[in-house]
Amino acid sequence: MINVLFFGPVVERTGSAALKIEFMPGMTLQILRDELAEKYPRAFEIVSLAAVNGQHVRDFSIPLIDNSEVTFMAKFSGG
Amino acid sequence: MKDAVRIQEEDFSQDEEITALKTSSQRMGGIATFLGCARDFSEGREVSRISFEAYGSMALSEMKQLRLDAIEKFKLLDARIVHRICTVTAGDNIVFIAAGAEHRAPALEACRYMIDELKERVPIWKKEITPEGDAWVSPHP
């Protein structure tokens, strides 16, 4: 399983803070993003950042590993 | 002594943070600080409260790395970063950053670097609660 987390403004558009997505061999971050963007198009209008296991990821072609924690995030506004 | 990098609900004491910073070295000749606090007006609207949400584990990890990056980049003697995650009202403290160096220039530059980088790198979001409704804040300079 891939554990997907959403926070703040993205949760308002997904209606859910956490999802479990079945892991598929060969799954990349881009494939997961595309799958979720189709399901939650309004949420992904504001998603511009992603993290895998708590680390920023800019290359969406990276392969995912089973049981990864993936977060799709809107731009930050702390401080 | 409290950790140099923290995320917490409760308010912080600037005096305590500066005292903790100073205890790390007696070669510290310059300390620069940044205090971010809540405003009652934003984007042309009254703001009643501001609510913060964080991806806690990643936010703390990014803040710790940011402190180390600043120490290395500006040759600081020490640095501290504290961010509150809670709901605040106008005038309340939100974030405190302190940079201590042998001289003022690197302390000032590092302080600016840390707050700017925090806004880019640390997964924290704020929602403004106004009489007209709530709205997540889009980042701005």
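# Finding your way around chains A and B

Student: Does Ala110(B) count as buried or exposed?
Tutor: Count its surroundings: Ala110(B) has 25 C-beta neighbours inside 10 Å. A residue is buried if 20 or more other C-beta atoms lie within 10 Å of its own, exposed if 12 or fewer, and partly exposed in between, with C-beta atoms placed from the backbone. So Ala110(B) counts as buried.

Student: What kind of model are we looking at?
Tutor: Residues are numbered from 1 along each chain as its sequence is written, while chains are lettered from A and ligands numbered from 1 in the order in which they are written. Local features need pLDDT of at least 70, side-chain atom pairs count only at pLDDT 80 or more, and totals for chains, interfaces and linings use all residues, this being a predicted model.

Student: Which element does Ala110(B) lie in?
Tutor: Elements here are DSSP runs numbered from the N terminus: helices are H or I with at least four residues, and strands are E with at least two. By that numbering, Ala110(B) lies in helix 3 of chain B.

Student: How far does helix 3 of chain B reach from its first C-alpha to its last?
Tutor: This helix covers residues 104-121, which is 18 residues.

Student: How wide an arc do the buried residues of helix 3 of chain B cover?
Tutor: The buried residues are Pro106(B), Ala107(B), Ala110(B), Cys111(B), Met114(B) and Leu118(B). They are on the same side of helix 3 of chain B because the arc they cover around the axis is only 135°. That arc is taken from the directions from the helix axis to the C-beta atoms. So the value you want is 135°.

Student: Which residues does Ala110(B) contact, leaving aside neighbours within four places in sequence?
Tutor: Two residues are in contact if their C-beta atoms, placed from the backbone, lie within 7 Å. On that test, Ala110(B) is in contact with Ala70(B), Phe74(B), Leu76(B), Ala79(B), Ala99(B) and Ala101(B).

Student: How many bridges join strand 6 to strand 8 of chain B?
Tutor: Two strands pair if DSSP finds at least two bridges between them. These two run antiparallel, and Ala79(B) stands opposite Ala99(B) in strand 8 of chain B. The number of bridges between strand 6 and strand 8 of chain B is six.

Student: What is the bridge partner of Gln8(B) in strand 6 of chain B?
Tutor: Strand 1 (residues 5-8) of chain B runs parallel to strand 6 of chain B, with four bridges joining them. Strand 6 is mostly covered, six of its seven residues being buried. In strand 6, the partner of Gln8(B) is Arg84(B).

Student: Which element gives the most to the side of chain B that touches chain A?
Tutor: The contact takes 22 residues from chain B and 14 residues from chain A. On the chain B side, strand 5 (49-54), helix 2, helix 3 and strand 9 (124-130) give two or more residues each. The most, four residues, comes from helix 3 of chain B.

Student: Over in chain A, how wide an arc do the buried residues Leu29(A), Leu32(A) and Leu36(A) cover?
Tutor: These three are buried in helix 2 (residues 29-39) of chain A. They sit on the same side of that helix because their arc around the axis is only 65°.

Student: How far apart are the C-alpha atoms of Phe23(A) and Asn67(A)?
Tutor: Phe23(A) is in the loop between strand 2 and helix 2 of chain A, while Asn67(A) lies in the loop between strand 4 and strand 5 of chain A. Phe23(A) is partly exposed, with 14 other C-beta atoms within 10 Å, whereas Asn67(A) has 10 such neighbours and counts as exposed. The two are 44 residues apart along the chain, and their C-alpha atoms are separated by 7.8 Å.

Conventions. The expected span of a helix is 1.5 Å times one less than its number of residues.
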